[in-house]
Amino acid sequence: MNDLKKRDTKLHRVYLDNATTSFPKPESVYRVVECFMRDCGGSAGRSGHYAAIEAQRIIDDARLLCAGLLNAPSPQNIIFTPNATTAINIALKGILSTNDNVVFGSFEHNAVTRPLYSLSKCGISVTKIESDLDSGLDKEQLKNAIRSDTRLVICNHVSNVFGTENDVVGIGRICRESGVLFMVDAAQSAGVKLIDVQGMCIDLLAFSGHKSLFGLQGTGGLYVASGVQVRPLIEGGTGSAAVGVMSSDEMFEQPAKLPDKLESGTINTHGIVGLAAGLRFIFETGIDRIAAKELELVSRLVNGLQEINGIRVISPAKKFNRGSVVSFQHDSIPPDQIAAILDTGFGIAVRSGLHCAFAPHQTIGTIKSGGTVRISPNYFNNESEIDYCIDAIRKIS
Ligand code: PMP
């Protein structure tokens with residue numbers, strides 16, 4: 001923190017790495033988290049005193065807000081997790097069994113491809129569908145790939161590497177017609193794209209709390225449609241039991257009801273308090289307004305980058321139906337050098353490399369050249385920051 005302050009005096013700081021985690025948060029997020037830590041501090045679902053009851057009220061409220069955001073039938077369909085990676089692991093490992101087949105896209109994050117790789121070593125077959133920079137996952141290939149043993153299709157809503165948006169409505173329809181479960185990795189879209197799990201035929205959906213939902217790191221969640229049976233990855237640690245009503249065997253069993261079944265252990269209540277404030281900010285501001293601003297900034301950024309000699313933008317060539325993530329390469333300067341100079345020479349935070357996603361780079365052929373430089377503006381950035389960043393890249397180039 002002290003180092004950061006020292007650097008502050010010399011450099012104008014611009015944060016453009018919101019696809020990793022968003023910064024800053026809305027003022028209300030800082031306020032409520034501090035208020036909860038100072039004035040409440042209870043843990044939900046344990047004790048019966050005022051602080052525990054208040055913590056429970058906050059968790060219930062956050063669950064309701066998440067259900068509203070996704071159009072889930074009930075707050076009980078929302079499971080809080082520490083991040084999207086945990087949510088994806090719970091779903092994949094709790095749904096798939098030996099001899100099942102799972103279909104996934106070629107732009108998936110390691111949070112999807114690594115659990116699938118380890119499942120493929122345990123008798124689960126995996127089928128990869130190619131994705132295109134502009135149109136995303138190939139739906140014709142998907143239709144042909146679904147087999148009688150296919151249990152689940154999983155893909156992201158928006159690619160964290162290129163910003164490509166998948167047609168989740170079309171993919172959901174194919175899955176429903178084929179009788180297979182559909183899971184969406186919404187780490188990059190929840191809070192900035194309209195999501196209707198019921199209308200989009202989505203059975204499972206993972207989200208990060210700390211990106212476009214403006215919550216704290218250490219928050220995320222999983223939506224599980226009613227009737228979808230997910231085996232718990234972690235058991236115990238919840239108090240839900242009815243003494244005198246349940247038999248001793250039942251007392252030892254993991255609760256069968258959601259969310260308790262999949263939500264063992266003390267919840268990150270401090271984080272969820274912040275997440276609820278982030279969600280309220282989104283509802284008050286409007287997803288449309290947030291998305292429109294982000295896409296205006298992305299468009300300005302892409303236009304500016306395309307005018308710089310030696311730069312190749314590797315992102316969808318469209319203004320809408322995409323995420324606010326822009327990747328690029330320079331024909332002679334490696335991505336990590338560009339990101340380092342932007343950071344130390346101009347105070348601009350961007351990300352370089354593979355962005356925790358090997359498969360998309362394998363698909364597009366950007367591994368040997370060290371991945372890409374990734375710029376990800378959000379609602380709190382402005383046009384002058386984008387212009388400052390374009391100008392800095394022009395100077396480096
Ligand atoms: N999927 C995608 C598309 C992502 O961008 C990320 C985060 N970079 C994740 C999954 C993992 O999210 P989390 O950090 O919340 O585990």
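Predicted model: local features only at pLDDT ≥ 70, side-chain atom pairs only at ≥ 80, totals over all residues.
Local features are taken only where pLDDT is at least 70 and side-chain atom pairs only at pLDDT 80 or more, while totals for chains, interfaces and linings use all residues. Residues are numbered from 1 along each chain as its sequence is written, and side-chain values use heavy atoms, with hydrogens and water left out.

Strand S3 (residues 101–105) runs parallel to S7 and is joined to it by 4 bridges, two strands being paired if DSSP finds at least two bridges between them. In this pairing, Phe 104 has Ile 154 of S7 as its bridge partner. Strand S8 (residues 181–185) is also parallel to S7, with 5 bridges between them, and here Val 153 stands opposite Phe 182. Together with helix H7 (residues 168–178), S7 and S8 form a right-handed β-α-β unit, a term that applies if, with the strands pointing away from the viewer, the path from the first strand over the helix to the second runs clockwise.

Next comes the ligand. A polar side-chain atom of Asp 185 lies 2.6 Å from a ligand nitrogen atom, whereas a polar side-chain atom of Thr 85 is 2.5 Å from a ligand oxygen atom. The side chain of Gln 188 has an N or O atom 2.7 Å from an oxygen atom of the ligand. Taken alone, the ligand exposes 400 Å², and the protein buries 91% of that, with areas computed by the Shrake-Rupley method and a 1.4 Å probe.

Finally, two single residues can be set side by side. Thr 219, in the loop between strands S9 (204–208) and S10 (220–224), counts as buried because its relative accessibility is 0%, and its side chain reaches the backbone oxygen of Leu 216 at 2.6 Å. Asp 387, in helix H13 (residues 383–396), counts as partly exposed because its relative accessibility is 33%.

How values were computed: Helix = DSSP H or I, 4+ residues; strand = E, 2+ residues; numbered from the N terminus. Polar contact = N/O pair within 3.5 Å; in protein donor to acceptor, adjacent residues only side chain to side chain. Buried < 20%, exposed > 50% of the residue type's maximum accessible area, 1.4 Å probe, protein only.
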